[in-house]
Amino acid sequence: MKDQHHDIGKVERQVGSEADVMESSQSEQRAPAQTPNSFKMIATMGAVGLVASILLVLTYTWTLPTIVANLEAYLEESIREVLPETTLRTDWRLTEEGVAVDDGTFTIEPRLFAGFREDGSLEGLAIEAQGQGYADIIRIIYGYSPDCGCIIGMKVLESRETPGLGDKIAKDPTFLSNFDALDVRFSISDSTVEGPLELIKRGTNLSAWQIDAISGATISSQAITDILNASNQVVLPVIHENLDLLKGGSDE
Amino acid sequence: MSKTGPVTLDQSKGMDEFLKGLWNENPVFVQVLGMCPVLAVTNTVTNSLVMGVATSFVLVMSAIIVSATRNFIPKQVRIATYILFIATFVTMADYIIKAVSLSAHRSLGAFISLIVVNCIILGRAEAFSSRNKISDSIMDALGMGIGFTLAILMLGIVRETLGSGTFAGFPIFGSSFEPWVIMVLPGGAFFVLGFLLLAINAFNKRNMSGGT
Amino acid sequence: MHTESLGAIFVNALLINNFVLSAFLGICPFLGVSNKLDTASRMGMAVTFVMFVSSVCAFAVNELLVWINAPYLQLISYIVIIASAVQLVEMFIKKFSPALFRALGIFLPLITTNCAILGLALFQTAKGYSFVESLVYAIGAGAGFTLAIVLMAGIREELELTTVPDVIKGTAIVLIIAGILSMTFMGFAGLA
């Protein structure tokens, strides 16, 4: 009906006028002779800046405890998933010399979490790792048991892989079952990983250190394999060298 | 602004301002503004909802403060101050979403912050809130916000049900349903919006030729 | 900590995760400015230049914000940087090529609201890129945007010569074409 005609015309004029306004406010030449009071302009900007800053600082400090609690809850839940029998944990981080107690401050080094069962025995270590996936960085946490020398669980913490394809690495139960008892072939005597984890396509014979790829998501599956390999190279020797310290139980 | 036509009460004018954002001047389907989030976050119903609410929040808060200060801000720094206000509210929305739900925040990612360059908000601030009183500006902002939310919800529902076979995470088809994965991929977003616009064009055309 | 090489970053932004067709950034100008081939290519160049400048400044500002521990100021400072960068580019173009300035017209200041630029700044910070990595990312993103918008402009110019049904004219058909383009770009996944 006619009304809609009018409205579309009005919208076009409105968008056009918005563009005009933007243009006129950007190019000083077009401003008419009336020069505004510079003091007033600066004062306004200053006042606005002040109000904005106050609002932001308030929001930030008000939401910070909740956000930190959320992150901690997510971490706790993730560790529980890769180390299911753990009831108590101690936090560590990698350092140049080996491991140090993690005091919660910001670090780019990977963190380890030692998980202890009810009876005090070490179930394993949850290790943070990350690496480039297909779309973006993938962050994972995986459980490693020094006793069996194998990975006992893996959870994808953050990923931006293709929905419906790559994101199966986080959800597909068949893929995830790869990580229930994945042999990392760590040689304690040499203190190195003897051979990498390998990704194979579906259908071929699976050895204990091989991961069965998700069909249609080979790149994302390979990314997980690469992340685990890279992490194992670095972290596992350190774990075995400091095993007693890590087993030492909680502190503080 | 002078009132034309029959005498209208303030409330009815407020309602007009509110309603126009829902259909006649719907920011997504008619004005075709704010496209980036429309395509990016409509892959699930939940994401669409959160984005819609966040955008409406920023719209309304900016409308209030822009309208309240419209007589105090010198013309030359107008756009700059509006952008400052909008950026502040967007940052606030970002932190609030992060505190309420980590997973929602992670799904939406940078697109929450990108609300600040959503042309709808600056557009409404400039075209309306800076020239009208607070109550009308709020109605205008609410209408636009809800219109925006409804539009992206429409997209989100189509994309999630067809693309993942779920609705807000709940599977609705049986396990034999083979999802149209394209729907949750970028291409699908373009297609769904394109076809929706097509449908609306067809609908409008039929109305226009059917009427006077 | 990444293992991405510079070449990989560039190709990623240009093709595999094209800024427009995969990451949904810069859609407004992509839909609005893509009807003529030369405006499209100029817009692309202007955007690339602004991205480059913004990337450098955003990196510097982020270092500062981390140092003073005020992460909540990130969005505001990035917006200010981008607006200033656009002003700078505008003055630059006006001085050195008035014809180009007139041709771009209103679109130049509108780059400020181009989510691709802000998206670039936010993504590069989120990914923790170093200075050089950010620069390569910016150039790749700009090139990706230019590629997408020029492709679309070429197609639209051809469309002018054909008959298009009324219902689909305008934004609808551009979106559907964009969808097809997006699907073709998915073929680049193998490059990863």
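Visitor: In what order do the elements of chain B run from the N terminus on?

Guide: They run α-α-α-α-α-α-α-β-β-α. The secondary structure of chain B comes to 8 helices and 2 strands. Bear in mind that this is a predicted model.

Visitor: How do I judge confidence, then? What is the mean pLDDT of chain B?

Guide: pLDDT is the predictor's confidence in each residue, from 0 to 100. For chain B the mean is 81, and 92% of the residues reach 70 or more. Confidence in chain B is lowest in helix α1 (residues 10-20), with a mean of 70. It is highest in helix α3 (residues 45-68), at 91. Over residues 1-5 of chain B the pLDDT is below 50. That stretch has 1 contact in the model beyond near neighbours in sequence.

Visitor: Where does pLDDT stay under 50 in chain A?

Guide: Over residues 1-34 of chain A. The model has 32 contacts for them beyond four places in sequence. The mean for chain A is 78, and 82% of its residues reach 70 or more.

Visitor: Next, overall shape. What radius of gyration does chain B have, and what would a compact globule have?

Guide: Compare the chain with a globule of its length. With 212 residues, a compact globule would have a radius of gyration near 17 Å. Chain B has 19 Å, which agrees. Its C-alpha atoms fill a box of roughly 60 × 50 × 25 Å along the principal axes. Buried residues make up 54% of the chain. Among contacts in chain B with a separation of 6 or more, 76% join residues 24 or more positions apart.

Visitor: And chain C? How many helices and strands does it have?

Guide: Chain C has 9 helices and 0 strands. Its radius of gyration is 17 Å, close to the 16 Å that the globule rule gives for 192 residues, so chain C is as compact as a globular protein of that length. The C-alpha trace of chain C spans about 60 × 45 × 25 Å along its principal axes. Of its residues, 49% count as buried. Residues 24 or more positions apart account for 80% of the chain C contacts with a separation of 6 or more.

Visitor: How do I read a helix such as α6 of chain B? Is it mostly covered or uncovered?

Guide: Start with the general idea. An α-helix has 3.6 residues a turn, so residues three or four places apart point the same way. Now the case here. Helix α6 (residues 119-129) of chain B is mostly covered, with 10 of its 11 residues buried. Among the buried ones are C119(B), L122(B), R124(B), E126(B) and F128(B).

Visitor: Let us turn to the cores. Which residues touch the most other members of the largest nonpolar core?

Guide: L39(B), V58(B), I86(B), V50(C) and L118(C) do, in a core of 135 residues. Helix α4 (residues 78-100) of chain B gives the largest share, 12 residues. Take V50(C) as a case. Leaving aside neighbours within four places in sequence, V50(C) is in contact with A85(C), V86(C), V89(C), I111(C) and I117(C). Another core lies apart from the largest one. That core has 48 residues, among them I79(A), A129(A), Y142(A) and F179(A).

Visitor: Now the sheet in chain A. What is the order of its strands?

Guide: The order is β2-β1-β3-β4-β5-β6-β7, in an open sheet of 7 strands with antiparallel pairing. β2 (99-101) and β7 of chain A stand at the edges, each with a single partner strand, so one side of each is left without a neighbour in the sheet.

Visitor: How many bridges join strand β4 of chain A to β5(A)?

Guide: 8 bridges join strand β4 (residues 122-132) to β5(A), and the two run antiparallel. Q132(A) stands opposite I137(A) in β5(A). Strand β5 (residues 137-145) and strand β6 (residues 150-158) of chain A pair over 7 bridges, also in the antiparallel sense. In that pair, G143(A) stands opposite G153(A). β5(A) and β6(A) form a hairpin with 4 residues between them. G149(A), in the turn, has a positive phi of about 65°. β6(A) then pairs with strand β7 (residues 182-183) of chain A over 2 bridges. There, C150(A) has D183(A) as its bridge partner.

Visitor: Which strands does helix α2 of chain A lie across?

Guide: Helix α2 (residues 38-82) of chain A lies across β1 (88-94), β3 (111-116), β4, β5 and β6. It runs at about 150° to β6(A). Helix α5 (residues 218-241) of chain A also packs on the sheet, touching β1, β2, β4 and β5. The direction of α5(A) makes about 130° with that of β4(A).

Key: Residues are numbered from 1 along each chain as its sequence is written. Chains are lettered from A and ligands numbered from 1 in the order in which they are written. This is a predicted model: local features need pLDDT of at least 70, side-chain atom pairs count only at pLDDT 80 or more; totals for chains, interfaces and linings use all residues. A residue is buried if 20 or more other C-beta atoms lie within 10 Å of its own, exposed if 12 or fewer, and partly exposed in between; C-beta atoms are placed from the backbone. The radius of gyration is taken over C-alpha atoms; the globule rule is 2.2 Å times the number of residues to the power 0.38. Two residues are in contact if their C-beta atoms, placed from the backbone, lie within 7 Å. Two strands pair if DSSP finds at least two bridges between them. A nonpolar core is a set of buried Ala, Val, Leu, Ile, Met, Phe, Trp, Tyr and Cys residues joined through C-beta atoms within 7 Å. Axes are lines fitted to C-alpha atoms, for helices over the stretch in contact, and angles run from 0 to 180 degrees between N-to-C directions.
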